[in-house]
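Hi,

Here is the structure I said I'd pass on. Have a look at it first, and my notes follow below.

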Amino acid sequence: LLLSTLGAGAQTIQFTSKPDTTGVENVPYLSSLSAVIDNNDKLTFSAVTLPNWLTLSNSGAASGTQVNNSPIGAPGGVAGDANGNFYAVENYGGVIHKIAPDGTTTVFTTRNVNVGYCYGAIVVDNYLYVSIYNNGYGTGGIEKFDITQTNPAAIPVFTGDDVLSMTTKD
């Protein structure tokens with residue numbers, strides 16, 4: 001990275017960097033860069049060349065791809081696990097589909113359709129959490145399913161109020 005002041009008498013300072021070789025996939029990394037100059041001139045940071053250990057690419061897909069042969073009926077919530085699987089929860093049909101990284105789609109389990117509509121899903125550790133909105137039909141709340149099991153039963157986590165979506169911290 002080069003640091004220079006704008007205008008006449010611009011100065012250039014060479015920075016060196018050291019690669020972090022212990023990075024974790026899908027985790028954002030941020031580095032701060034700041035400088036102070038005694039005459040309040042504006043400072044510009046620019047990268048003339050990238051370090052030899054850093055490459056940037058655009059190798060991802062440019063368009064979506066259908067991953068199963070038949071559409072999943074009315075998906076209400078979709079969540080992914082640490083192994084690259086996705087779980088698509090039907091909004092009102094009760095079926096929870098598991099989509100493997102290769103696109104293979106199977107029925108993971110069936111939830112109790114008498115407990116309301118699903119609008120949100122999230123995976124935390126080994127559990128799929130499903131939010132429930134009763135909309136005058138059933139009971140609102142949150143259910144969880146153990147994703148390490150085959151055809152797991154719903155475990156009520158919270159009942160009594162409608163829940164549309166969920167999120168995690170850290």
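A quick word on terms: two strands count as paired if DSSP finds at least two bridges between them. Strands (E, at least two residues) are DSSP runs, numbered from the N terminus.

Bear in mind that this is a predicted model, where local features need pLDDT of at least 70, side-chain atom pairs count only at pLDDT 80 or more, and totals for chains, interfaces and linings use all residues. Residues are numbered from 1 along each chain as its sequence is written, and side-chain values use heavy atoms, with hydrogens and water left out.

Four strands form an open sheet in the order 4-5-6-7, with antiparallel pairing. Strand 4 (75-80) and strand 7 (105-110) are the edges, each pairing on one side only.

Strands 4 and 5 pair in the antiparallel sense over 5 bridges, and Gly80 has Phe86 in strand 5 as its bridge partner. The hairpin of these two has 5 residues between the strands, and Gly84 takes a positive phi near 90° there. Strand 5 (residues 86-90) also pairs with strand 6 (residues 95-99), antiparallel over 4 bridges. Ala88 stands opposite His97 of strand 6.

There is 1 salt bridge in the structure (a side-chain nitrogen of Lys or Arg within 4 Å of a carboxyl oxygen of Asp or Glu). Its partners are Arg111 and Glu143, at 3.9 Å, N to O. The pair links distant parts of the chain, 32 residues apart: Arg111 is in the loop between strand 7 and strand 8 (117-124), and Glu143 is in strand 10 (residues 141-146).

Cheers
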